[in-house]
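Open the model in your viewer and keep the selection panel at hand. This tour goes stop by stop.

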Amino acid sequence: MHIPDGFLSTPVWAALDVLAAPAVGLAVRKTRREFDEGRIPLLGVLGAFVFAAQMINFPVGVGTSGHLVGGALLAYVLGWPAASVVMTAILAIQALVFQDGGILALGANVTNMAIVGVLVGYLPFQLWGGGGATARKIAIFAGGFASVLVSALLALVQLALSGVPMPAPIAGISVGLFVVSALLEGAITLAVVQAIETINPGFVRTAGGSHRRGATIVLATAVFLAAVGVIFASAHPDGLEQLAIKTGISQRATNLFATPFSDYEAGFLQSAWLRKAAAGLAGLALVCGACIGFGRVVARKRSA
Amino acid sequence: MPKSSLIRVRNLRFRYPDGTQALDGVAFDLLPGECVAVLGPNGSGKTTFLMHLNGLLSGEGEISICGIPVQKNTLPEIRQKIGFVFQNSDDQLFMPTVLDDVAFGPLNLGMAPEQASDRARRALEQVGMQHAQGKAPYHLSAGQKKRVAIAGVLAMEPAILVLDEPTTFLDPPGRRALLELLKTLPQAKLLVTHDVGFAMDLADRAVFFDQGNITATGTVEHVAEKCGWR
Amino acid sequence: MHHAVIERWSQGHSFLHRRDARAKAAALLVLLTAIATAPGLPVAAGSVYFAILIFGFAAARVPVRGALARAAAVLPFSLAFAAIAAASGDPARAAILPGKSYLSALAVLLVVATTPLPKLLRGFEGIGVPRFLLMVGQFVYRYLFVIAGQAASMRLAASCRGGFGKSGSAHKTRFSAAAGALAVLFARSYGAAENIHRSMLSRGFEGHFHLLRNPRFGPADWTFLLSSVAVAVAVRGI
């Protein structure tokens, strides 16, 4: 899901660089307010942890496996501003050292995964994570799910906007793949959070509290973005398809070559996913449903 | 008790938030030029004790370092006087190059960057690692890392060195070289270790920690014999 | 591991290695922009950029073949898109996508292979990136060497016991075994971070990182920067 240089049209990458820079600046300022520089090692080491977590494979059946992406998990541990800063640092290192994602396209990748992906991952936790045990579990799962799905859809939209050709069947398959990987991220995030809390319940933040209003605003923004994405996607099925392919392929490329660990088990996302392509159309319906659900929740929160 | 103690601890008590009584009335002195080995089982309070000496933890009781009481406003001075070498060098060598890392302490003391790098270079020479100043710490061997970590502490020009399990990751030649190096350093030393042989070679005396208190003192041989610690 | 190889390359002493990180960072951004904004990227211009980059690797004594292979990490992604573009009747784009992305990756690789990453990150401070963010990046990179090593040994230990990555009958168990492994890795990372913090405090850290100065930006750095910019822009005009 890391867009390389050369794919986005100049207005798209430039606009996203311009958008991402102040957003990261804001995240850094908010992080500094909460953590002094003495906590930089914590942020850095947990960044290295998320990086290294790619080496631990999770079986998903039919001989394939996936791994943690980690944006939502970081947000549950560090809060969204610090998680955004850490994800930005990770993306920058992936782009520089691992040729995984471009430098000019860093604004796009940061927007998708470090800003929107982290915020969207954090929101359900912030809103419902303070409720009962089941609500909390659902919130944690939903955060991981939404984080990966929204990042991938944004990437698809950006590619489509850049005029990268994306025939409809391919877009459909891609969206299906996104949904599968998002479900997997939700499941992994939940399993890891539960395992972490058995070691020390203090690792994960307490949800809810003072940031609810902010969270609601961010959720509304996310729903808006997701809605724009879906409208765009349905209006330009070609673009959507292209995005899907790009993202799916990018995952593959990552697995095969660009991860830090060459012996990393490749091939899971790609071939198996393609085999599961039939799930694609169902995936699209799922995305629309999720967006409608999000919208209803926001409406309810506002009227409450 | 002699006034000139570099480390003077009286009736030190500490209880962790979970209720564990980690230190239960510890009294201890370190005299100038001395090297004292701290022996004892895991969980006996050795590390908790060390972390009180430079204010990383604070319990009840009196601690003074070079005559200065350990309290919040004296911490910068205390941390210059007492240098800690941690068990895992990777926790201590966090800067991108050896020189940056060794200069970290002097820069915190408020030295100008040029002075700090001079100080760092001198400390690296003292441990025989001047050739590695531009290297990344993760490219060094365990023994070299330990030397650089010691240089990072020496660059602060401390009066006391505290070494927590310095031999853990070392092979026998690395261990021997570390012993030779430590013998050349004039500072008073506090050596926490399970390596009784190393303690015998380096330390003048030993104290034995058990259940949050010192239960035996004397020569390393005597303490090891008495506590069945070999 | 990939990053260890790049790290080794970056420890050289060639002319390129010795240039100031800020000069290389700025030249890289100009070159990438030139490539990205070149309408269509004619074969001639692309070939000249390629030749210059190859020359750069050779001059820096970085193994050219290894560099070419590593930059190829972007190719599966680009070629797949190129195939789609070709299939949907856009052969021009089909050629440009892999060309531009490969050249860009190669350019990034040349800079990273001749500049140790921490120096490069500090170079970006000169372009206005917040130091806080760069310090986080520096710690991510530093401890990647440690935590990835631990992850590798956990994976080895797991595969000795049958592994948690392969499918099998008890697949729910394997899933939670992997989650447990990650949780342990997380707790260890957290513990390491706390030890690092303690060791910082022990050496007098009072809430702010003071760094040694960046080396002086010399005439050779200016020459390098200005000539790279001139070449990047001129070639784009071919």
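Predicted model: local features only at pLDDT ≥ 70, side-chain atom pairs only at ≥ 80, totals over all residues.

Now show the helices around the pocket. In chain B, pick helix H4 (98–108) and helix H5 (113–126). In chain C, pick helix H2 (15–18), helix H3 (21–37) and helix H8 (117–125). Each of these helices supplies at least two residues of the lining.

Next, move to where chain C meets chain A. Select the 75 residues of chain C and the 83 residues of chain A that make the contact. The two chains bury about 6,900 Å² between them. Carbon and sulfur atoms account for 82% of that area. Highlight C:Phe77, C:Phe132 and C:Phe186. They supply 13% of the area that chain C buries against chain A, more than any other three residues.

How many salt bridges lie between chain C and chain A? The count is 0. Polar contacts join 3 residue pairs across this interface, with both residues at pLDDT 80 or more.

Last stop: the side of chain C that touches chain A. Several helices each give at least two residues to this side, among them helix H6 (75–87), helix H7 (91–113) and helix H9 (131–160). Then select H10(C), which gives the most, with 18 residues. Colour this side by class: 52 residues are nonpolar, 17 polar and 6 charged.

How values were computed
Residues numbered from 1 in each chain as written. Chains lettered and ligands numbered in written order. Heavy atoms only, no water. Helix = DSSP H or I, 4+ residues; strand = E, 2+ residues; numbered from the N terminus. Contact = heavy atoms within 4.5 Å. Buried area = accessible area lost by both parts, 1.4 Å probe. Salt bridge = Lys/Arg side-chain N within 4 Å of Asp/Glu carboxyl O. Polar contact = N/O pair within 3.5 Å; in protein donor to acceptor, adjacent residues only side chain to side chain. Nonpolar A, V, L, I, M, F, W, Y, C, P; charged D, E, K, R; others polar.
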